[in-house]
Amino acid sequence: MKMETVEQTLERIAREAEHTPGGILAFDGDGTLWSGDVGDELFMAVTGHDALKEQAQPRLMAMAAAHGLDSEGGTCTLARRLFSAFEAGVVSQRDVCELGAWMLAGWHVDELRDFCRGVVESHGLARRIQGETHRVLDWAHARDIPCYVVSASPLPVVEAAARVLGLPPENVVATTPQESDGVVLSDVVAPIPYGPGKVSCLRARTSRPLYAAFGDNVFDLEMLAASRVPVAVRPKARLLERADSLPPLVQLHPVPSL
């Protein structure tokens with residue numbers, strides 16, 4: 001995979017914008033716009049404070065039983081057990097992405113948003129912004145090119161992280177817990193933005209041309225392929241293994257984090 005500087009990538013995006021006005025840029029969140037995983041950080045913060053509510057218990061028990069795990073214990077015990085099973089390869093990445101959102105059942109939406117802002121602040125996300133994608137965002141903002149975050153992490157924490165980058169909530173596409181009367185339910189809005197779902201969820205939000213997409217993992221591959229300028233950012237091994245399946249894919253040269 002060819003390495004490309006930020007300036008080279010921006011030159012190619014600029015040509016696309018000149019040829020077809022009105023387009024957008026799309027970015028994965030974790031590992032692409034910032035280092036680390038805000039979904040995992042929210043999970044650890046909530047379970048570490050024993051802050052899961054009883055509304056999540058029935059589905060946590062059912063999920064544990066479906067994977068052959070012990071279904072006894074409180075909500076946080078069950079959630080941690082399922083996460084450990086994910087790390088052991090028993091629970092899929094997609095399932096754990098959904099879990100991270102619906103396990104927040106019983107939380108009031110405003111309460112959850114405040115909690116997520118605290119998680120983002122306490123984990124120093126502002127100091128973990130990837131330098132190269134931040135430069136792309138600055139360039140796009142200066143030219144009024146809308147930028148979207150498309151992440152499988154839970155919506156409230158991705159919105160809080162995106163706010164640090166100056167991105168509005170309406171430009172955040174993430175795994176969204178269902179809610180009723182301002183209270184989170186133990187289910188998610190389908191599909192979730194994971195794998196091919198990243199493309200369908202983004203397209204449900206906007207039909208504008210996709211100038212460029214940026215991602216770091218194999219789960220971003222379909223979104224990268226849907227763009228005119230697909231760009232890998234500090235790619236994980238699984239994306240590197242599949243890079244040959246998308247010949248136009250280039251790797252963005254790293255720039256120190258802010």
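A residue counts as buried when its relative accessible area is under 20%. The structure discussed here is a predicted model.

Q: Why is Cys 147 called buried?
A: The relative accessible area of Cys 147 is 2%. The cut-off for buried is under 20%, and therefore Cys 147 is buried.

Q: What makes Cys 76 count as buried?
A: Cys 76 has a relative accessibility of 5%. Buried requires a value under 20%, so Cys 76 counts as buried.

Q: How do you know that Cys 76 is in no disulfide?
A: A disulfide needs two cysteine sulfur atoms within 2.5 Å. For Cys 76, the nearest cysteine sulfur belongs to Cys 116 and is 15 Å away. Cys 76 is in no disulfide, and the structure holds 0 disulfides.

Q: Why is α6 called oblique to α8?
A: The axes of helix α6 (residues 109-122) and helix α8 (residues 155-164) come within 8 Å and cross at roughly 50°. Angles under 35 degrees count as roughly parallel, and 65 to 115 as roughly perpendicular. The crossing angle is roughly 50°, and therefore α6 is oblique to α8.

Q: Which residues of α6 and α8 meet?
A: Leu 112, Arg 113, Cys 116, Arg 117 and Val 120 in α6 meet residues of α8 including Pro 156, Val 157 and Glu 159. By class, this contact of α6 with α8 has 8 nonpolar, no polar and 4 charged residues.

Terms used. Residues are numbered from 1 along each chain as its sequence is written. This is a predicted model: local features need pLDDT of at least 70, side-chain atom pairs count only at pLDDT 80 or more; totals for chains, interfaces and linings use all residues. Side-chain values use heavy atoms; hydrogens and water are left out. Axes are lines fitted to C-alpha atoms, for helices over the stretch in contact, and angles run from 0 to 180 degrees between N-to-C directions. Helices (H or I, at least four residues) and strands (E, at least two) are DSSP runs, numbered from the N terminus. Angles under 35 degrees count as roughly parallel, over 145 as roughly antiparallel, 65 to 115 as roughly perpendicular and the rest as oblique. Contact means heavy atoms within 4.5 Å. Ala, Val, Leu, Ile, Met, Phe, Trp, Tyr, Cys and Pro count as nonpolar, Asp, Glu, Lys and Arg as charged, and the others, Gly among them, as polar. Buried means under 20% relative accessible area, exposed over 50%, partly exposed in between (1.4 Å probe, protein chains only).
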